[in-house]
Amino acid sequence: MPSNELQAIMDAAVDAVILIDHRGTMTAFNRSAERLFGYTAVEAVGQNVGLLMPPSHRAHHDQYLERYAATGVAHIIGVGREVEALRKDGTVFPALLSVGRVADSVPARFVGMIRDITAEQQARLKLVAERDRAAAAEMAEQEARLLQERLMRVGRLTTLGEMAAGIAHELNQPLSAIATYARACERFLALENPDLEESRAATREIAQEALRAGAIIQRLRQFIASQTSVPSAVNLNLVIEHLTPLIMADARLHSVGITFDLDQKLAPLNGDSVQLQHLVLNLVRNAIEALSGNADPDRHIVIRTDASGSPELLSVCDNGPGVPPQMVNRLFMPFVTTKPDGTGLGLSISQTIARAHGGSVGYRPAEPRGACFFMRLAGDPRP
Amino acid sequence: MRDTTPTVHIVDDDDGVRSSIRMLMKSVGLPAVTFASAQEFLTGYQPERGGCLVLDIRMPGMSGLELQQELNRRGAVIPVIFITGHGDVPMAVEAMRHGAFEFLQKPFRDQELIDRVQQAMQRDQETRESLREHARIQARLASLTPRECEVMELLTAGKANKVMAHELGLSQRTVEIHRARVMEKMEARSLAQLVRMTLDVQ
């Protein structure tokens, strides 16, 4: 029997403390054990400790005791293990069990300490679930990012596809000029008194035109191949200047005049230059298409940047028919298009790009006629 | 005096194409002037200056086809050779329907362009000559009195002096005098020539 001091220690323990003999019969049951399991010490003492285990574990416990008695090798003593425990009311709870043998006891007696770890386990499970959720969210986000990147690229390729005829024409120009310069040069050299001055001029021009063709191809390659680049300081004017060969190709094909009105005081913004190129090209393409059906030879687009603090940081205005009123509210919805072979993605992609830069794309009718699409950045109070 | 030397007028918005064609023309001794847009051409063009027009179809702003139609509206006679980077048939048909002299695709063979330019300039010279002749005949016709006009009408209809005298209620002698005045004013050496003149201006 435990001494009074021992009883005091047992009753002060936060964990349940139970003593059993070599057959598993409980010989002591402290206060915490009473609280934890719902049995009084009187009820518990004298009963087999299997009472505190779910039925499936009871048989095992008897085996453990028999094995220890036979071999003297303990599997649990001094280690502690997580087990399932059974309350009087029949509920099962996770518990941390540590077991010690009472020194020199023959036959062996054991002390078991049991702690309810329901809260820890729940916290742990919650943590795991949270970690899983976070991983899933990150994966979904990454997937979305990849999808968006792919969509952007498809968008760029679609835009380029629409411009293919213009680009082919644009490349044909320097080639045609080169051929003509070369022939002229040949003729100057074939004269009775070869005109070396003209011939030299012709070869200079040939080199110039070849470089020009190369520059067009380079712009094209940049625009198609580049993945979404790392955000960096981007000068919107430079973005537009880089696009000029592609824009002029398209404009020429559709006999549309273009005025560039770029504000040299424009501050660089933090952004993705490829995406911004795509945005500009989409707006310009739309304007060109809006004008291409116009019989009036005065087809014109103004591409403007404005550093004055106006909400229209960038605007593309045409003097075409403008957007029909019933379309205005649906302009930026994906797959909404007024063009017979349009994808309806251009403006929606442009809007996505603008949003990614903390801004948005807006529309207003132009004066006296036509459409104005503009990009504004965050901090702009206009809706 | 304005310069009326037959000249190749080159209208192309592309600097390279434009100046390469000018250089090619220079290499065969053809005077050329260049314009960077249809509008620039319309502003700077002197109708009395002959030659031909080498015109790009696709240009920003007013297209080559639109310029051709504007020139037609203005009654210009200058032959138009279209050059285009796109060999689209409907456009070629449209250009030819409006009286284009030729439709070449870029890049073109230099000799072909030179040949066509020379032919076009030849055609322009002929057209202008016949227009001038036309104007001269008109001026002569305008100098005839009403009576002389009547005589000329009957004369070119193959009526003999006697018949004319009867129809006009004049003496044969008076008809002969009018007839001589008509031939003199119209600078016609024969009746056949006079008939051709009246056919020309009809």
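How much area do chain B and chain A bury between them, and what share of it lies on carbon and sulfur atoms? In this predicted model, the two chains bury about 2,400 Å² between them, with 54% of that area on carbon and sulfur atoms. The contact draws 30 residues from chain B and 28 residues from chain A.

Six salt bridges are found between chain B and chain A. In one salt bridge, the side chain of Asp110(B) meets that of Arg187(A), with an N to O distance of 2.9 Å. On the side of chain B that touches chain A, the elements that supply two or more residues are helix H1 (15–27) and helix H5 (110–142) of chain B. Of these, H1(B) gives the most, with nine residues. By class, this side of chain B comprises twelve nonpolar, nine polar and nine charged residues.

Chain A contains an open sheet of five strands, arranged in the order S2-S1-S5-S4-S3 with antiparallel pairing. Strand S2 (26–29) and strand S3 (81–86) of chain A form the edges, each pairing on one side only. From one strand to the next, the twist averages 35°. Ile20(A) has Met26(A) as its bridge partner in S2(A).

Definitions and conventions: Residues numbered from 1 in each chain as written. Chains lettered and ligands numbered in written order. Predicted model: local features only at pLDDT ≥ 70, side-chain atom pairs only at ≥ 80, totals over all residues. Heavy atoms only, no water. Contact = heavy atoms within 4.5 Å. Buried area = accessible area lost by both parts, 1.4 Å probe. Salt bridge = Lys/Arg side-chain N within 4 Å of Asp/Glu carboxyl O. Helix = DSSP H or I, 4+ residues; strand = E, 2+ residues; numbered from the N terminus. Nonpolar A, V, L, I, M, F, W, Y, C, P; charged D, E, K, R; others polar. Pairing = 2+ DSSP bridges. Axes fitted to C-alpha atoms, helices over the stretch in contact; angles between N-to-C directions.
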